[in-house]
Each structure stands twice: as C-alpha cells, then as structure tokens.
Amino acid sequence: MAAAALLLLLPIIMVAAPAAAASAAGGEKSTHIKLYWHDVVSGPSPTAVPVARAAATNSSRTGFGAVVVIDDPLTQGPDRKSSKPLGRAQGTYIAAGKDEVSLAMNMNFVFQAGRYNGSTVAIMGRNAVFDAAREMAIVGGTGVFRMARGYAQARTHTLDLKTGDATVEYNLYIKHY
C-alpha cells in the first residue's frame with residue numbers, strides 16, 4: 001500500500017522538487033523597480049474609461065460602484081511626455097469604498113521595453129487613494145517574473161482634482177525565479 005501511495009504522489013513530488021531545489025540553491029531573485037503610472041481620464045484620448053456604475057454611484061461622494069478599465073502608460077520618470085516609456089498597466093479598478101475613496105485594483109504591468117520586455121507583473125489589492133502610501137500584493141507574473149510574489153507600494157505624485165488625471169509612483173518589490 002505504501003508503494004501505491006508513493007506512485008500516486010510521485011507526480012506531485014516531481015513538480016515541487018525543482019522549485020524547492022532552486023530556492024535552496026539560491027535560484028530565487030529579488031528585483032526592485034521604480035516607475036510611474038499615468039491614469040488619464042480626461043481629454044480626447046483617455047487611458048482610463050468608466051464601463052459600469054451602479055444607480056447609487058451618481059449620489060455617492062466616493063464614486064462607490066464605478067468600474068473603470070485601464071490601459072495606462074508606465075514610464076521611467078514622472079513626466080509622461082518626456083520620460084522613457086516602459087510599458088502599460090492594463091486591468092480594472094473598482095470604487096469599492098462607501099465612506100472613503102478606496103479602489104479595488106486588478107492590473108497587469110506589461111513591460112514593453114528594456115530588460116523586462118515581454119514580462120508582466122500581476123497586482124491586486126486595496127488602494128485608499130488619499131493615503132500617503134498604499135500597498136498592494138504582487139500575485140504573479142510571466143517571463144522574467146515567472147512565479148512572482150511581493151508587493152507594490154504606490155504614492156501619488158500628482159492628482160488633478162478637476163480632471164481626475166493622476167500620476168502615481170510605484171515601487172515594485174518582487175521575488176521571482
């Protein structure tokens with residue numbers, strides 16, 4: 001019976017062993033990336049577009065219930081027009097706070113330049129917009145960031161309260177293989 005159980009577990013052991021061996025051999029890497037996320041909701045070419053809202057959203061002081069789809073530029077510096085483009089942030093955010101402006105973020109940072117070109121980092125979490133610093137989880141990745149985990153720290157660089165356009169500094173702290 002023990003041999004039969006071992007045969008059933010063998011595929012699981014074979015899949016888990018390389019990851020454990022890589023970790024034990026120091027195969028895991030740590031990467032820190034600082035970049036800027038540009039959320040443009042105004043003008044003729046927005047990068048963030050509302051796609052749904054609840055009836056109560058119209059009377060909510062926090063925008064509670066709004067769903068926004070994004071394809072935001074990611075750049076090396078805070079000036080979107082003069083900074084080197086690094087990629088796009090693609091995904092959604094949802095106004096999830098009834099009593100404060102708080103977003104449920106679900107986005108992929110898609111790198112399209114430099115040493116991370118073709119790789120992605122998946123970010124999910126709560127973003128209390130008016131807090132000085134916010135942390136969200138890095139829950140996965142592809143390419144260079146395969147099996148990524150870690151956290152993203154966001155700090156608002158600029159926010160135009162009239163247009164809603166924002167530039168946010170992101171620091172990504174990534175563990176990956």
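User: I'm new to this one. How much accessible surface does the chain have, and what share belongs to carbon and sulfur atoms?

Analyst: This is a predicted model, and the accessible surface of its chain comes to about 10000 Å². Carbon and sulfur atoms hold 60% of that. As for the inside, 36% of the 177 residues count as buried.

User: What is the mean pLDDT of the chain?

Analyst: The mean is 90, with 85% of the residues at 70 or more. Over residues 5-24, though, pLDDT is below 50, and that stretch has six contacts beyond near neighbours in sequence.

User: Is Glu169 buried or exposed?

Analyst: Buried means under 20% relative accessible area, and Glu169 has 17%, so Glu169 is buried. Its salt-bridge partner is Lys34, at 3.8 Å, N to O. Glu169 sits in strand S9 and Lys34 in strand S1, 135 residues apart. Lys34 is partly exposed, at 44%.

User: Which residue meets Glu100 in a salt bridge?

Analyst: Arg126 does, at 2.4 Å, N to O. Glu100 lies in the loop between strands S4 and S5 and Arg126 in strand S6, so the pair ties together parts 26 residues apart in sequence.

Technical notes: Residues are numbered from 1 along each chain as its sequence is written. This is a predicted model: local features need pLDDT of at least 70, side-chain atom pairs count only at pLDDT 80 or more; totals for chains, interfaces and linings use all residues. Side-chain values use heavy atoms; hydrogens and water are left out. Buried means under 20% relative accessible area, exposed over 50%, partly exposed in between (1.4 Å probe, protein chains only). Accessible areas come from the Shrake-Rupley method with a 1.4 Å probe; for residues, only the protein chains shown count as cover. pLDDT is the predictor's confidence in each residue, from 0 to 100. Contact means heavy atoms within 4.5 Å. A salt bridge is a side-chain nitrogen of Lys or Arg within 4 Å of a carboxyl oxygen of Asp or Glu. Helices (H or I, at least four residues) and strands (E, at least two) are DSSP runs, numbered from the N terminus.
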